[in-house]
Amino acid sequence: MRRSIMIAAAAGLTLALAACQSGGGTTDDETTDGGATGGEETSSAAATGTLTIWADELRAEPLTDVAAQFESETGVTVEIVQKNFDDIRPEFLAQAPTGEGPDIIVGAHDWTGELVTAGVVAPVDLGAKAEEFVEVAVNAFSYEGSNYGVPYGIENIALVRNDGMTDVAPTTWDEMIAAGEAAGGQYPVLLQQGDAGDAYHMYPFQTSFGAPVFATDDTGSYLPELALGGEAGTAFADWLAANGAAGTGALQTAITADIAKEAFANGESAFMVTGPWNISAFTDAGLEVSVLPIPSAGGETAAPFVGVQGFFVNATSENQLLANTFLLDYVATDEVQTALYTSGGRIPALTTASDAVAADDPIVAGFAAAGEVGVPMPTLPQMGSVWDFWGTTQADIISGDASDPAAAWQTMVENIEAAIG
Amino acid sequence: MSTVATKDETPVRGSTSHARELNGWWFVKLAVMAVINAGLLYAVYSSFMVRQWWILAVTVVLLVVVNWVYFSKRKVPAKYLLPGVIFLLVYQVFTMGYTAYIAFTNYGSENTVSRDQAIEQILRTGDIRVEGALDMPLKVVRDEADQLGFAVVVDGEVQVGTAEQPLEPVDGATIGEGGAPEEIPGWRVLNLAEVLEVQGEVTELRVPFSDDPADGWVRTQTGAVGFQSSPRYSYDAAADAFTDITTGTVYIPNDRGFFEAEDGTRLTPGWPVTIGFENFQRMLTDSRISSALLQAGAWTFAFAFLSVATTFFLGLFLAMTFNHPAVRGRTLIRSLLILPYAFPGFLAALVWRGMLNNPYGFINSTILGGADIPWLTEEWLARFSIIAVNLWLGFPYMFLIATGALQAVPGDVYEAAKIDGAKPFRQFRSITLPLLMISVAPLLIASFSFNFNNFNLIYFVTEGGPNIPGHPLALGETDILISVVYKVAVVAGTKQYGLAAAMSILIFVIVGLVSWLGFRQTRKLEEVL
């Protein structure tokens, strides 16, 4: 109720201001000729309005500059609200239907299905711009034929090597373990798991057994049919158990994201499977690191998930025109995408920006190379039902709580199927 | 307080009432009421502006009632009760009523937006760029009658159209440097500020591309670039039905809040509709949910009961110890004991989680010298750890209230007991505990209800884990009812807020029942005396 009053108050104020504006500024005769000469000169006629953007701490900062430029060129106020990345989706889903949400949010492409079926994001037609983006980035935000996001960054995990400990570039899991043990660290490899598992970091190894999460059609789009069961899935489950607590111990549920990051920075392991977001912590700790493709555990190519980050437009926003102008004309530019890369470490989604960045940074080039064999994270809304079962089952197999890996894997498949309905 | 006020009222009727005394306090009251009235009037105005009729009605009623009560000579009890009643209505009754309403709907993942929004969204998402259509430089224009239109450049030629009139070339129009139309005879080109003033209309505007509807229409997202797109569905408001323009399939609303074709395909999004008792039925008939509720319910009762019992007896023991006159430095020790109570609970829970981690936590690695004890990852140890952490968090509160209550027990009762030859334990059992219970029992019931829904503790210490291998809802061993609700209906892939509301009502009923039984017992305690 209070919030509504605040909104009402804001609305009242805006209306009053708008009334003043139109009362004092109806000198249209002058603007007819000025308006026809293109976008740059219209800035003299100040527009009103506020564009609200929700972004997390890594995105809020680089957006400030482009927001200031947008403000000075259009006269529109841009309000960037900093939020915890994990809070953006649930809060947006709750607020957008009431018409009170932000105009634009920063998000990940795998939110697309859920946001679209909930009816809270508007399609954004990239038009001619589409060709300027890396193909996987554009495909990632499309759902049932329409595009819903303006991509800015691509991310995937890869194998990060501590060059001070070894110079082996392993192509199989066993080679990596052997090299890791030879390097003399406390852990042969660091693969973050935690008590609830981490299916995202485990996925390249799962795909190397030929057990992708969902089936795909001819064009590579995911179908809502599970494909992670069967013989390939069982082989993967057995592999998890063989490397878990009851086996070699290379995989441990006690290794959380924080512990893995700290251990690698302390030089306790030669290899870590992680993403670009951790690299600065390693270089700050004085490590020399290389980024390599992820080795295969099951014989086939180890394909990590590729995630694309981008901006969504609120379907209930009254500022759609402004929001699209801001995204298509201001954010989808090399400068902004490079600035976002500098602060967040994600490879730019615009081809020119991405090439430029990869050319002077071997780390970026390494992640890009590892991501070439990657598969986009599914945007299907069904995916939301998969993560919990998937992660916890892997954790149970690794820790030995599930003593029969094949049966545990089969139960998981059945549970996910029941949850998807 | 209210009883005192009522007594005042009767004799003073007709003589000087508080409202009539024109002293300084009267002006203070006037000032306070002025501020409240200003706030309420503003709320009335604001809710009218945003068309929130329910809020408008409630604020108007509040405005009238508040002024009536506080400017009336009588209504003295109401003067004391009204603020409490208002807060009760807003924060308790409204919340419960709204939860109950949601419990009878299918509000969730695909059913969150309103029906109108859903229709608008289906039309919008089906409006797709015509295959291979190129971007066209575009200007938003108005004709002499102020009708909004688009001017675009098609094949080097300026064409103009409105919602009713398809695009057609205009003689004498010029193209500017950027390739966009510059001057169009008979049309006025809008500048950016003017476009933004009507941005809603501009994004909604569809200018037919030609006389042939199959060619689609021209629309814009930015006001500077247009493209040719064509709709996939058409909506007939009179028949309340969508038609797929290419296949002719008709979609009509079903009772689940979706537009559905005969073959069962649905258009998303849908909107929330009431579905009767279905959410409640699912709790009983869906074996995945009912078994989870039973299992978690048993643990919830055990957890809440043990939490209250352990914290109370530890608190009472310490209170009795430090109530003894022979203990030195009692004040200092008492203040130290309250420390855990002074830490924010969620922070303490997170710290405990870190300390109990196996093998990296402080307890295993340092205190126990590298022991391998799965504090949080083994079923029974995790339960033990949860209760132990809650004991640490909760005993200072019990210590405080027990100390207070003990000091209220008269000393002469103990002297009489001593003369009768009662030993210390007998004194405790027959005098201290019963006398204490009269004042403390309601607080114990409140503590039970609080712990019954102690979501923070569970989530921050174990997140409900360790996982139950193969559980059909991916629940953990230490999940209590409220965290089950959260996992099943809120964080799971499909959001089911209707189901969550129904489950919350179940929890409400359980807690209400237990409290009612508890309070009835307490009354019996009083009767004994």
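Me: Two strands pair if DSSP finds at least two bridges between them, so which strands of chain B form an open sheet, and in what order?

Reply: The order is β12-β13-β14-β15-β16 in chain B, five strands with antiparallel pairing. Strands are DSSP runs of E with at least two residues, and helices are runs of H or I with at least four, numbered from the N terminus. This is a predicted model, where local features need pLDDT of at least 70 and side-chain atom pairs count only at pLDDT 80 or more, while totals for chains, interfaces and linings use all residues. Residues are numbered from 1 along each chain as its sequence is written, with chains lettered from A and ligands numbered from 1 in the order in which they are written.

Me: Which are the edge strands?

Reply: Look at β12 (233-236) and β16 (266-267) of chain B, which each pair on one side only.

Me: How many bridges link β14 and β15 of chain B?

Reply: Two: β14 (residues 250-253) and β15 (residues 259-260) of chain B run antiparallel to each other. In that part of the sheet, B:I252 stands opposite B:E260 of β15(B).

Me: Switching to chain A, how many helices and strands are there?

Reply: Chain A has 17 helices and 14 strands. Of its 421 residues, 53% are buried (20 or more other C-beta atoms within 10 Å of the residue's own, with C-beta atoms placed from the backbone; 12 or fewer is exposed, in between partly exposed).

Me: How many residues does each chain give to the contact between A and B?

Reply: Chain A gives 70 residues and chain B gives 63 (in contact means backbone-placed C-beta atoms within 7 Å). Among the helices of chain A supplying at least two residues each to that side are α1 (2-24), α16 (387-399) and α17 (405-420). The chain A side has 34 nonpolar, 29 polar and seven charged residues (nonpolar is Ala, Val, Leu, Ile, Met, Phe, Trp, Tyr, Cys and Pro; charged is Asp, Glu, Lys and Arg; the others, Gly among them, are polar).

Me: What angle do α9 and α17 of chain A pack at?

Reply: About 125 degrees, with the axes of α9 (residues 230-242) and α17(A) 8 Å apart (axes are lines fitted to C-alpha atoms, for helices over the stretch in contact, and angles run from 0 to 180 degrees between N-to-C directions). Therefore α9(A) is oblique to α17(A) (under 35 degrees is roughly parallel, over 145 roughly antiparallel, 65 to 115 roughly perpendicular, the rest oblique).

Me: Which residues make that contact?

Reply: From α9(A), they include A:G233, A:T234 and A:D238, and from α17(A), A:P405 and A:W409 are among them. The contact of α9(A) with α17(A) has seven nonpolar residues, two polar and one charged.

Definitions and conventions. Two strands pair if DSSP finds at least two bridges between them. Two residues are in contact if their C-beta atoms, placed from the backbone, lie within 7 Å.
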